[in-house]
Amino acid sequence: MEQATEGAARIRISEGVFYNPKMRKLRSISVLFLRALGMRDARLLDATAATGARGIRYALEAGIRDGVLLDINPAACRNAKANVRLNGLRLRVLGKSLQEFAGASKEAFDVVDLDPFGTPVPLVHDALKVCKRHAVLMVTATDTATLCGAEAAACLRNYGSVPIHNELCHEAGVRILLYFVAREAAQFGFGIEPLLSIADMHYMRLFLRLEQGAEKAHESVRRSGFGAYCSNCHNFAYEAGIERRVDAKCGYCGKRMQFFGPLWLGGLHDKRLLGRMLRLRDGGDGDVRELLERVHGELDTPFFYSVPKATSYLGVGSVSQARVLAALSSGHRATRTHFDDDGIKTDAGTGAVIEAVRRASEE
Ligand SMILES: C[S@@+](CC[C@H](N)C(=O)[O-])C[C@H]1O[C@@H](n2cnc3c(N)ncnc32)[C@H](O)[C@@H]1O
Ligand SMILES: [Zn+2]
């Protein structure tokens, strides 16, 4: 049997049970997130446990001792049970689907983790059924081709949104996923507060808190709306409200813009929480720190400009991102973004960004 040591956990991996060592980074981020929130006394539901690696790490490293691990696959359930014992824990492990568990359960949880194969769409509703008020919900999606617009019809079918397939696709995908969860949560009278929202490697991951109340639910759906993108000058626009639409004409070059959405247009991160996560970071895992620092530093506004797209629009040679950031920094806020290595998030408009790129190209 294969074995792995991950964080404080020892994990044995049975034949036919899913374990991806590359997801260590995301599991480590999730541990830090729960530690920074101070969730020691929380009740955990790891709804898609596989080997149990996640739930076991949350117990050992974030101090969550009370919880249930679920997996629909009997081999995974046996494997997770053995791993719970191996790590000296008392978490309950059940061989049930989330749907079956949530349909019959009288239990409610403070922390719910969804980490399925592919899309989380079929699981979100049942996860919400067993969330306490103010619960923390973590959701992974690995159907990034769908959310990023390579499979636009599937995105419309599964998420009810039109995706966009360009440099904005990862951020737009995260926001489409947030919109989906906000709508599902609204049916239970919950609003959502995103605490950390990441697109990395082959996955997207939401960390959010539920807020109870019809007004909160309404407000979070109202924080969604449409985006528009100009494929000529790469200008973008957005406007909250499902019933309204942004102008179809590009405000910069006058060409027709392409719509995408509906998607979440509110904030993506709680920077104070991210600051606490970074302060907790204790050695090792340089990749975790690198990603969290990038997210912590990024301006939390929708969408960004791509420096190479701007130079190609202007027909000038390549320009360093640092120069454009420096050119924008007098008078505007401008940062890098974890969504795209070449991207700049800024409160400057398209005209100011294009001008900054032009000036940087002439230096
Ligand atoms: C990607 S793996 C989870 C990996 C694990 N969270 C980790 O970090 O190592 C997805 C798991 O979800 C289980 N699963 C799929 N559908 C499920 C459902 N409806 N209810 C419960 N478990 C489910 C699968 O059997 C599989 O073991
Ligand atoms: Zn334009």
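Guide: The space taken by ligand 1 is the largest pocket. A pocket is found on a 1 Å grid over the protein atoms alone, as an open set of points with protein on both sides within 12 Å along at least five of seven lines, a 1.4 Å probe being used for fit. The model is predicted, so that local features need pLDDT of at least 70 and side-chain atom pairs count only at pLDDT 80 or more, while totals for chains, interfaces and linings use all residues. Residues are numbered from 1 along each chain as its sequence is written, chains are lettered from A and ligands numbered from 1 in the order in which they are written, and side-chain values use heavy atoms, with hydrogens and water left out.

Ligand 1 is surrounded by 18 residues, and the closest are Arg-27, Asp-71, Leu-98, Gln-99 and Asp-115; a residue is counted if one of its heavy atoms lies within 4 Å. By class, this shell holds nine nonpolar, four polar and five charged residues. Here Ala, Val, Leu, Ile, Met, Phe, Trp, Tyr, Cys and Pro count as nonpolar, Asp, Glu, Lys and Arg as charged, and the others, Gly among them, as polar.

A polar side-chain atom of Arg-27 lies 2.9 Å from an oxygen atom of ligand 1, and an N or O atom in the side chain of Asp-71 is 2.6 Å from an oxygen atom of ligand 1. At Ile-72 the backbone takes part, with an N or O atom 3.3 Å from a nitrogen atom of ligand 1. Taken alone, ligand 1 exposes 610 Å², of which the protein buries 91%; the areas come from the Shrake-Rupley method with a 1.4 Å probe.

Asp-115 leads on to Thr-48, whose side chain reaches the backbone nitrogen of Asp-115 at 2.8 Å. Thr-48 lies in the loop between β3 (43-46) and α2, and is buried, with a relative accessible area of 18%; buried means under 20% relative accessible area with a 1.4 Å probe, protein chains only. Helices (H or I, at least four residues) and strands (E, at least two) are DSSP runs, numbered from the N terminus.

Helix α2 (residues 53-62) is largely enclosed by the rest of the structure, because eight of its ten residues are buried. Among them are Arg-54, Arg-57 and Tyr-58. Gly-63 follows α2 and has a positive phi, near 75 degrees.

Key. Polar contact = N/O pair within 3.5 Å; in protein donor to acceptor, adjacent residues only side chain to side chain. 1 Å grid on protein atoms, 1.4 Å probe; cavity = no way out; pocket = protein on both sides within 12 Å on 5 of 7 lines; lining within 4 Å. Sits in = over half its atoms within 2 Å of the grid points. Buried < 20%, exposed > 50% of the residue type's maximum accessible area, 1.4 Å probe, protein only.
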